[in-house]
Amino acid sequence: MGQKTPQIYSVELNGAKDMKQRDKGDDKDKYRGLRSTCLELRKNDHKERVTKEIDLDDHKLSNKELENKYHTNIVTGLSSTQAAELLARDGPNALSPPQETPEIIKFLKQMVGGFSILLWVGAILCWIAYGIQFSNDKSSSLDNVYLGTVLALVVILTGIFAYYQEAKSTNIMASFSKMIPQQALVIRDSEKKIIPAEQLVVGDIVEIKGGDQIPADIRLLFAQGCKVDNSSLTGESEPQPRSCEFTHDNPLETKNIGFYSTTCLEGTATGMVINTGDRTIIGHIASLASGVGNEKTPIATEIEHFVHIVAGVAISIGVLFFIIAVSMKYRVLDSIIFLIGIIVANVPEGLLATVTVTLSLTAKRMAKKNCLVKNLEAVETLGSTSIICSDKTGTLTQNRMTVAHLWFDNQIFMADTSEDHFKQTFDQSSGTWASLSKIITLCNRAEFRPGQERVPIMKRVVVGDASETALLKFSEVVLGDVMEIRKRNHKVAEIPFNSTNKFQLSIHKTDDPTDKRFLMVMKGAPEKVLEKCSTIMVNGQEQPLDQSTAEAFYTAYMELGGLGERVLGFCHLYLPADEFPETYSFDVDAMNFPMSNLCFVGLLSMIDPPRSTVPDAITKCRSAGIKVIMVTGDHPITAKAIAKSVGIISANSETVEDIAKRLNIAVEQVNKQDAKAVVVTGMELKDMSEDQLDEVLSSYPEIVFARTSPQQKLIIVEGCQRQDAVVAVTGDGVNDSPALKKADIGIAMGIAGSDAAKNAADMVLLDDNFASIVTGVEEGRLIFDNLKKTIAYTLTKNIAELCPFLIYIIVGVPLPLGTITILFIDLGTDIVPSIALAYEKAESDIMNRKPRHKKKDRLVNKPLAVYSYLHIGLMQSLGAFLVYFTVYAQEGFRPSTLINLRVEWEKDFVNNLEDSYGQEWTRYQRKYLEWTGYTAFFIGIMIQQIADLIIRKTRKNSIFQQGLFRNKVIWVGIASQIIIALILSYGLGSITALNFTMLRPQYWFVAVPHAILIWVYDEVRKLFIRLYPGSWWDKNMYY
Amino acid sequence: MVTQKEKKSCGQVVEEWKEFVWNPRTHQFMGRTGTSWAFILLFYFVFYGFLTAMFTLTMWVMLQTVSDHTPKYQDRLATPGLMIRPKTENLDVVVNVSDAESWGQHVQKLNKFLEPYNDSVQAQKNDVCRPGRYYEQPDNGVLNYPKRACQFNRTQLGDCSGIGDPTHYGYSTGQPCVFIKMNRVINFYAGANQSMNVTCVGKREEDAENLGSFVMFPANGNIDLMYFPYYGKKFHVNYTQPLVAVKFLNVTPNVEVNVECRINAVNIATDDERDKFAGRVAFKLRINKT
């Protein structure tokens, strides 16, 4: 452990995010850091050297050469005309968005996708049928033309609708990414101007200050304490200093180049734009990402599968009955018309639109829970996710350093690290704490930005680095007004922290007017601080630092370090008043004050603590059968510590190393099967073969990848996909974009994420919070279940729509249900109810079952199709036929008379067709009766669809367990069904073009017994499923 | 990974099908074992048996609501339609005078149609009723008491009766008879106690000219009230529908003439926009002479 200590300290948390947020407010008074002027660039003596980096050699050029190369002037910048020319030549400085499919193609795809083809076939058959009729008889009725037109309209309208829905969801995304237009400060025509970053051209001189995003690839000409965060490009989270010196041949390594879309953390710089838009380094990577193919989403596969089933049924029944009709000596023309009817009856015209609405409803619901879905289908993908590869920083953690532990008086105290901690509960009575708190308060350069008195302490914006911010907030919480304390203890001298000293020191006058001594306070790397101490404070008393206390110190230090925390040591010294009188002038360069024999006070450790919602979310994931893999660029120890604290590595599981340590044996001797968890570093991963990686992924349930580069993320994702898993990946950097794209669902961070990552992702987490993913998973699973219900509901009536045709062809009764009427069911009464099922609550805890297997658990499986078609569908047909026969019988045609009546019935010149009572009917009278029959059949289906809707609320539970009235939207759906049917029958009854007639009120109730039967039957089915899980019944009846 | 489709060779596909049809390892036929098949067949046998029973029961209950002698509702039959004989495809009466076969079929149909109207048959089966008033036969307490019908003798059709007619209802001479009858509607009191008759006209002006003159039997195309009401075929077994015969005397030959006949009765509307046969009948008449 000992040798790892310095590394622990060096683990740099990504403080950049804090900075970024801070910068959104006020940019001006932020920079008070050290100013180091970069003098004249040193002449590049390697300029003649031919470099392998063909794209970029600007870092090797001198300022003069750069000016010549880009025809610009460092002082005056480009002229506006020059800039305009260049802009025209190179195009705007923006990443060209990934190749968009042209809108018209998207639109046409909607027109031919899914069932559309079938319906087009139906429409064309209609027109052909009319063509044949017309060539035989010029006065033939236009019915078939109307029907064909209606079918075409249906396709076009549903196509437009789906297109509109898709466009709308894409627009949400577009508006999101355009929220913050990037600006750049540029020198043109010797003037400083703020222009949109898009208008930058090569040769422009731009000025950058901390907090800005670098607007293009720039070669630095001048820099003051400039540090950049290249994490989005390289994955390194440590801030990189930038200067104007050429330090490395590789343009990615050299210090004098700033990259497009990286962030300047602090300092200021002036640079010349050397590449814009897609020619930037980021542009290259982004274009690589677009090379990774987009996988078809699981739900798209499922819907395709479903379309295939339905289309298969439609075509095979259609063709079968076409053959039957022809062999029954029907005319070919009539057979074609039957075929159309069968197709229309079989195709659930409204279903795909319903699915789209359902998905977008869920997308909206998820957006409210901070999951912004870019691609509607991704809504469900999240639900079928079986592995989540999560980032650590910001996603699992709060992304801010927070004091986690304190060590003083030989004791480790825990500090509260939750998001909104207001009080610290550790023992604050000790005198040591009084001293320690003073050091923490005084030896700190961070300050609150003024004017935030009302803001909760933890949310206040701080100027200063991550650890100092943590300490400031900590002391503010514990002690109250820190600034006031600092004012009372006037600071007379200070040595800021630097990486060679590894300590920070300041000297103060004390606030005790009787004590004229100066107080020297110091904090820094614990071992460095301890070196300078000879005493240690215990219970407020100084004691000599002996072997045992030093050991206690090291034990505590190791323990805290082992938790992955950044540990700081604190010490102080009251300078004797005689040696250092009030007027003494301290010189930090000459160090005219003691630097040894200080009094060690305590340790304080900090960590970027996990978000308080995360452990719970991880537990939920685990019970939901989702494996959470941590993939981070951070140090293994920190990674493991966080993984343990959030539960990615559960409390009782050990890695091979842990076991080795516990049993005190060599790592190689440990039985690998005993270890449940594993921490794999990027270095180890590099040496692994595909098979080895597969073995790691499949044999350990708890995996942490540490020190990985973003490129390795892609390898990990591919490895997971080889396990047949649906993989969700979170990421924020540009370099994550290939992995995001490769993943089944890429999740980008909304706050920390780069545009490239957001572009590649399918979903954006607005709050960067892992817990949001879990709510997303829940919604995704729910929508899958509910889509099943919707589809089952919709498929059921297909049989009730199909049977009339089959009976009509085979038995020869007058047509029970017209094609137009079918469309009114599919696109009228059934639409709202099927959407209403999307609001159904989960039946059981959906987060307690395994994620669905994407190849085995289909959306539409055999039991669903069989149960819908052959059970409920058939019952529904019988009920509807009952209504139909009732209407005919009560009007004079008994069922026995109807058989084989079709031919005479449909002859236009037969105006004296005899019914069962010897009465004679004209053609129009019969037609009207036929329409009444359609209406009756329609009402019959509608009434039973109400029962169908109610039974589809659950698949396993009794309706009474689920609650009849919990989902209010279902009742809206039922009301809409009834209202639409009332309007069609009574409101439009006189418009005969729609083939609806006024139906006697009592006929509305004829199908009620069958509706009740459907309900009872389904309750019995569910009862047996609940009683005998795993039985034959369960296997065949549970969909 | 999802999109990767494994290409299968033809032989593999056949092999898979074979295994699907009969899998010797699991003893599965078409994806199910014998027991499973037995279960499934038994289930569907019981289930569909139950459904059939249920449907039959509900149908039976429904049929109990329907009486044997009158339909429950007659709202669609408020206006009886008119129809012609001979019944021809698309109501086109085409007579090629020189071609005996072309009108021969009409004549045959008419002969058959008029057979029940023979005086002998009528006298044997039906009553002589008092003309000018409805022949009402109340049940008088006896449920569904069989009803008697009034005589309509073939001879009433005069020149169109076809009895001893060498011209075959005038078809052989180009002066065809067309018979008009009104659709039967149960319990319909046609004419509302006032006399009614059938009239025919050419549909348009030129049709009227081409139609020429015609005579009607019974005179004026009268339909007597005594043939109403109709009590339905079950209890009004020998009901004879009254007819009106129209003999077209000098139709312009080789021209298609649109003829429209309608009934003039107080309670029969003949101006229904949608139903072109409500209280009227339109047909085409064409006499081809060489």
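The following legends describe close-up views of a predicted model.

In this predicted model, local features need pLDDT of at least 70 and side-chain atom pairs count only at pLDDT 80 or more, while totals for chains, interfaces and linings use all residues. Residues are numbered from 1 along each chain as its sequence is written, chains are lettered from A and ligands numbered from 1 in the order in which they are written, and side-chain values use heavy atoms, with hydrogens and water left out.

**View 1. The annotated transmembrane region of chain B.** An unreviewed UniProt entry lists residues 37-63 of chain B as "transmembrane region"; such annotations may be inferred rather than shown by experiment, and UniProt positions are given in the numbering used here, with feature names shortened. The span is 100% helix and 0% strand, and its end C-alpha atoms lie 38 Å apart. Helices (H or I, at least four residues) and strands (E, at least two) are DSSP runs, numbered from the N terminus.

**View 2. The loop between strands S4 and S5 of chain B.** The peptide bond from B:Arg85 to B:Pro86 is cis, with omega near -5 degrees. B:Leu91 lies in the loop between S4 and S5 and has a positive phi near 55 degrees. B:Leu91 is buried, with a relative accessible area of 3% (buried, under 20% relative accessible area; exposed, over 50%; partly exposed, in between; 1.4 Å probe, protein chains only).

**View 3. The loop around A:Asn900.** A:Asn900 occupies the loop between helix H31 (895-898) and helix H32 (902-906) of chain A. Its phi is positive, about 60 degrees, although A:Asn900 is not a glycine. A:Asn900 is exposed, with a relative accessible area of 60%.
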